Amino acid sequence: MKQDQGTLIEEVVGGTIEESKGVAMKPEHAAQIANVIEAVKARDIKNVYFVACGGSMASLSFGEYFISKETEVPSFVYTANEFIHRNPKGVGENTLVILRSHSGTTPETVAAASFAREKGALTVSISMEAESPLCQAAEHIVHYNYKDGSDAIDGEVGIFYTLIFEVLNVLAPNEKYKRVVAQLPKVGELIEKNVEQFADAANEFGKKNKREKIIYTMASGAYIHHAYSFTSCLLMEMLWIHSNAIHSGEFFHGPFEITDYDVPFLVVKGDGASRPLDERALDFVQKFSDKVEVVDIETLNYGGIDEDLKEYFGPALTGSVLRLYADALAEHTGHPLSVRRYMWKMDY
């Protein structure tokens, strides 16, 4: 279903949405997103694919979560190399393929962009490097700023969530998406407030777990993607701590047998429809493990966000909170997050 009105971001940047407060998105970023939305409107989009690797794939997965939850349009997440090798039959001219690589140089993702474009799909690449190989391979680019002092609305969180809710409003128009985009400029301030709120708890977590060789993470719903990213990219890649991201709904179908008094868990207790899954799993691990850390999403600071929109903002705020827990482990173990054995040091 198409909209006749302009994109929501144009309205927000133009100041026509009264409830918009905070730092406005930079015009060049707003223009990039507006161009993507016009391209989406020009096609009859039948399906959406999110393609990336590692932490970038986890970040894109929130888009798949919201599209599958809010619309009837099929959406899928693929790690880039499998996307090419599996060659999904549904990819064609009525497909939107959104790709991401932080540096824009991940070879598998660059190849996936070219592959999707050759099949006629509408391709959109997201990266902090606008001139990167990934952005050159796609039809449209969406650039975000990184560690340059810009507000979060122009960073990876603000840019991606604005894009996703603009896309949602094309696929299944709803006034609440307009309000999400209007309130996203507040995300930077909210991230700062939540980082301050969770700083002490994260530090204690790092102190208590500095000698642990394995830490399990558990979540469900949108937050399983945070658990995966925390496990794969922060614990395993950066800290060399063995881990596994366990879906709360799958916990009782095998993984719960490893629970014991000395087994550490970090449980993200979500605020969405799957929260009962997290509560059930958490009740169990707290009975049998003495090392359970809970990040309860309902306790996040959502100041200024409409009550019915909190479920959309929770995932946007949680990544910065979980990063605190990794930073604390790095501090107390003396293992910097920048250290690698193999990555960037050899061909593989």
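The questions and answers below concern a predicted model.

Q: Which residues does the UniProt annotation "domain: SIS" cover, and how far apart are the end C-alpha atoms of that stretch?
A: The annotation comes from an unreviewed UniProt entry and covers residues 36–173. Over residues 36–173 the chain is 46% helix and 20% strand. The C-alpha atoms at the ends of this stretch are separated by 16 Å.

Q: Are α10 and α12 roughly parallel or roughly antiparallel to each other?
A: Helix α10 spans residues 224–238 and helix α12 spans residues 310–333. Their axes come within 11 Å and cross at roughly 30 degrees. Angles under 35 degrees count as roughly parallel. The two helices, α10 and α12, are therefore roughly parallel.

Q: Is the crossing of α10 and α12 left-handed or right-handed, and which residues of α10 make the contact?
A: The crossing of α10 and α12 is right-handed. On the α12 side, the contact is made by Pro315, Thr318, Gly319, Leu322, Arg323, Tyr325, Ala326 and Leu329. By class, the contact of α10 with α12 has eight nonpolar, three polar and one charged residues. From α10 come His226, Phe230, Leu234 and Leu235.

Q: How is α7 oriented to α12, roughly parallel or roughly antiparallel?
A: The axes of α7 and α12 come within 10 Å and cross at roughly 150 degrees. Angles over 145 degrees count as roughly antiparallel. So α7 is, relative to α12, roughly antiparallel.

Q: How many nonpolar residues are in the contact of α7 with α12?
A: The crossing of α7 and α12 is right-handed. Val157, Tyr161 and Phe165 of α7 meet Tyr312, Pro315 and Ala316 of α12. This contact has no polar and no charged residues, and its nonpolar residues number six.

Q: Which residues does Ser229 touch, leaving aside those up to four places away in sequence?
A: Ser229 lies in helix α10. Its C-alpha atom is 25 Å from that of Tyr261, 32 residues apart along the chain. With residues up to four places away in sequence left out, Ser229 touches Gly55, Ala58 and Leu234.

Q: Is Tyr144 buried or exposed?
A: Tyr144 is found in the loop between β5 and α7. Its relative accessible area is 1%, and a residue under 20% counts as buried. Tyr144 is therefore buried.

Q: What separates the C-alpha atoms of Tyr144 and Met128?
A: Tyr144 touches residues including His29, Arg100, His102, Asp154 and Glu156. Met128 is also among the residues it touches. Tyr144 and Met128 are 16 residues apart along the chain, and their C-alpha atoms are separated by 4.9 Å.

Q: What is the phi of Lys147, and is this residue buried or exposed?
A: Lys147 is found in the loop between β5 (140–143) and α7 (156–171). Its phi is near 50 degrees, a positive value in a residue other than glycine. The relative accessible area of Lys147 is 74%, and values over 50% count as exposed. Lys147 thus has a phi near 50 degrees and is exposed.

Q: What is the relative accessibility of Asn87, which has a positive phi?
A: Asn87 is found in the loop between α4 (80–86) and β3 (95–100). Although it is not a glycine, Asn87 has a positive phi of about 55 degrees. Asn87 counts as partly exposed because its relative accessibility is 25%.

Terms used: Residues numbered from 1 in each chain as written. Predicted model: local features only at pLDDT ≥ 70, side-chain atom pairs only at ≥ 80, totals over all residues. Heavy atoms only, no water. Axes fitted to C-alpha atoms, helices over the stretch in contact; angles between N-to-C directions. Helix = DSSP H or I, 4+ residues; strand = E, 2+ residues; numbered from the N terminus. Parallel < 35°, antiparallel > 145°, perpendicular 65-115°, else oblique. Left-handed = near helix turned anticlockwise from the far one by under 90°. Contact = heavy atoms within 4.5 Å. Nonpolar A, V, L, I, M, F, W, Y, C, P; charged D, E, K, R; others polar. Buried < 20%, exposed > 50% of the residue type's maximum accessible area, 1.4 Å probe, protein only. UniProt positions renumbered as here; feature names shortened; annotations may be inferred.
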